[in-house]
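Here are a few friendly notes to read alongside the model. Please keep the viewer open as you go.

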Amino acid sequence: MNSIIFIDAGYLTKLLHIKNKKIDLLKLSNKLTNDSTRIKTIYYDALPLPINPKGRELYPKAQKFHNSIRKLNKFEIKLGRTQVIGDQYHQKGVDMRLGVDLVQYSMNKEIDKAILIASDSDFEYAVQKAQEVGIKVTLAYFGNSKINSKFLNTFDERIILN
């Protein structure tokens, strides 16, 4: 059984920051795919905008972090963009890339199992499309996450991360 892990970096980073924890992405990936062959882990993110002091400080750190991920075996980074809306910074294109990739890998029968680390119910339709072609889809999430119960029940399997 071949699997891919799809990580929404915005979700993972936010919760790790709240919990003041760090994570070993390779160990996590290997643990989540212990019953299958991991084709790869895809980490979806967007770089901060270096347009103010905080952005200029975070940008090289994010690049360094992404470069460390790229060195891991069977890891890939896919970037969206960051956009300023009002005085807030928002990732754009990240969720869409993840959803399209999930459907594409599923429709092409490149995987038997998809593992999603996310919480956004916008992924529900992509999950259903993957399931329609026989892909087992698992949600890995933090237990204290606010996840829509309908979205949670969409998955074939759920794994609580701690």
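1. The buried residues of H3 are Gly 55, Ala 62, His 66 and Ile 69; buried means under 20% relative accessible area, exposed over 50%, partly exposed in between (1.4 Å probe, protein chains only). They pack against helix H2 (25-32), strand E2 (37-45) and strand E3 (75-79), where contact means heavy atoms within 4.5 Å. Helices (H or I, at least four residues) and strands (E, at least two) are DSSP runs, numbered from the N terminus.

2. A word on provenance: this is a predicted model, where local features need pLDDT of at least 70, side-chain atom pairs count only at pLDDT 80 or more, and totals for chains, interfaces and linings use all residues. Residues are numbered from 1 along each chain as its sequence is written, and side-chain values use heavy atoms, with hydrogens and water left out.

3. Now for the sheet. It is open, with 6 strands in the order E3-E2-E1-E6-E7-E8 and parallel pairing; two strands pair if DSSP finds at least two bridges between them. E3 and strand E8 (157-161) each have a single partner strand, so one side of each lacks a neighbour in the sheet. Strand E1 (residues 2-8) and strand E6 (residues 113-117) pair in the parallel sense over 5 bridges, and Lys 113 in E6 is the bridge partner of Ser 3.

4. Which residues are worth a look for burial? Tyr 11 is buried, with a relative accessible area of 8%, and Phe 142 is buried as well, at 3%.
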